[in-house]
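Student: Could you walk me through this one? I would like to go feature by feature and ask as we go.

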Amino acid sequence: MPTTNNMLTPREAARLLGISYPTIKQWILGGKLKTVQTPGGHHRVAEATLRPFLAKDSAKPETKSRERYRRVSGRNQLPGKVVSIRIEGLMAEVVLAVGDSHVTAIITANAVRELQLKKGDTAAALIKSTDVMIERLSEIS
């Protein structure tokens, strides 16, 4: 049994790996990630247990690796391809194709120039929001 040195809570381990808390809980409950339980029944993850996951991730190309998630506080990151950029004055509209959907961001024209973004580039939309709105798409019966 591992010692309590370098033991992490599931939430701390999730942050370190750049994955969500629900994902790490699924890994624990599914046996993919070994843990030690405290006397109170809480799971703890040995830091050493995470090394193979970090090594496997670092072997991936940068665009597929979760390393960039560990460098930015926002976890809602949607990687995709730039399908259009429209600059008007100080502002720019950048549209990313993410899977079968498009995500539109309004950012400064300077940010587009500093990032040297162009159509066809791989980029990620980082979403940080406290509000989510819902629109009814079907008719009310």
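Student: Let's begin with the sheet of 4 strands: in what order do the strands come, and how do they pair?
Tutor: Bearing in mind that this is a predicted model, the 4 strands form an open sheet in the order E6-E5-E4-E7, and the pairing is antiparallel. At the edges are strand E6, residues 101-108, and strand E7, residues 122-127, each of which pairs on one side only.

Student: What is the average twist from one strand to the next?
Tutor: From one strand to the next the twist averages 45°.

Student: And over how many bridges do E4 and E5 pair?
Tutor: Strand E4, residues 76-88, pairs with strand E5, residues 91-98, over 7 bridges in the antiparallel sense. If you want a residue to look for, Ser84 stands opposite Val95 in E5.

Student: Where is Gln116, and what is its phi near?
Tutor: Gln116 sits in the loop between helix H5, residues 109-115, and E7. Its phi is near 55°, which is a positive value in a residue other than glycine.

Student: Is Gln116 buried or exposed?
Tutor: Gln116 counts as exposed, because its relative accessibility is 62% and the cut-off for exposed is over 50%.

Student: Changing topic, what order do the strands take in the sheet of 3 strands?
Tutor: That sheet is open as well, with the order E1-E3-E2 and antiparallel pairing. Its edge strands are E1, at 7-8, and E2, at 36-37, each pairing on one side only. E1 pairs with strand E3, residues 43-46, over 2 bridges in the antiparallel sense, and Met7 stands opposite Ala46 in E3.

Student: Which helix packs on that sheet, and at what angle to E3?
Tutor: Helix H3, residues 47-58, packs on the sheet and touches both E1 and E3, with its direction making about 65° with that of E3.

Student: While we are at E3, is His43 buried or exposed?
Tutor: His43, whose place is in strand E3, counts as buried, because its relative accessibility is 15% and buried means under 20%.

Student: Which side chains does His43 have polar contacts with?
Tutor: There is a polar contact of 2.8 Å between the side chains of His43 and Thr35, and another of 3.2 Å between the side chains of His43 and Gln37. Leaving aside residues up to four places away in sequence, His43 also touches several others, including Leu8, Pro10, Lys25 and Ile28.

Student: Ile28 is in H2, I think; which residues of helix H2 are buried?
Tutor: In helix H2, residues 21-29, the buried residues are Ile24, Trp27 and Ile28. Viewed down the axis of H2 they fall within an arc of 100°, so they line one face of the helix.

Student: What do those buried residues pack against, and what does the face turned away carry?
Tutor: The buried residues of H2 pack against helix H1, at 10-17, and against E3 and H3. The face of H2 turned away from its buried side carries the exposed residues Pro22, Gln26 and Leu29. H2 is then followed by Gly31, which has a positive phi, near 85°.

Student: How many aromatic pairs does a search of the whole structure find?
Tutor: The search finds 1 aromatic pair. The pair is formed by Trp27 and Phe53 and is stacked, with 5.1 Å centre to centre and 20° between the planes. Since Trp27 lies in helix H2 and Phe53 in helix H3, the pair ties together parts that are 26 residues apart in sequence.

Student: How accessible are Trp27 and Phe53?
Tutor: Trp27 is buried, with a relative accessible area of 17%, whereas Phe53, at 21% relative accessibility, counts as partly exposed. The cut-off for buried is under 20%.

Student: Last topic, the whole chain: how many helices and strands are there, and what share of residues is buried?
Tutor: The protein chain has 5 helices and 7 strands, and along the sequence they follow the pattern β-α-α-β-β-α-α-β-β-β-α-β. Buried residues make up 26% of its 141 residues. Among the contacts in the chain with a separation of 6 or more, 42% are accounted for by residues 24 or more positions apart.

Methods. Residues numbered from 1 in each chain as written. Predicted model: local features only at pLDDT ≥ 70, side-chain atom pairs only at ≥ 80, totals over all residues. Heavy atoms only, no water. Pairing = 2+ DSSP bridges. Contact = heavy atoms within 4.5 Å. Axes fitted to C-alpha atoms, helices over the stretch in contact; angles between N-to-C directions. Buried < 20%, exposed > 50% of the residue type's maximum accessible area, 1.4 Å probe, protein only. Arc of directions from axis to C-beta. Polar contact = N/O pair within 3.5 Å; in protein donor to acceptor, adjacent residues only side chain to side chain. Phe/Tyr/Trp six-rings, centres within 6.5 Å; stacked < 30°, edge-to-face > 60°.
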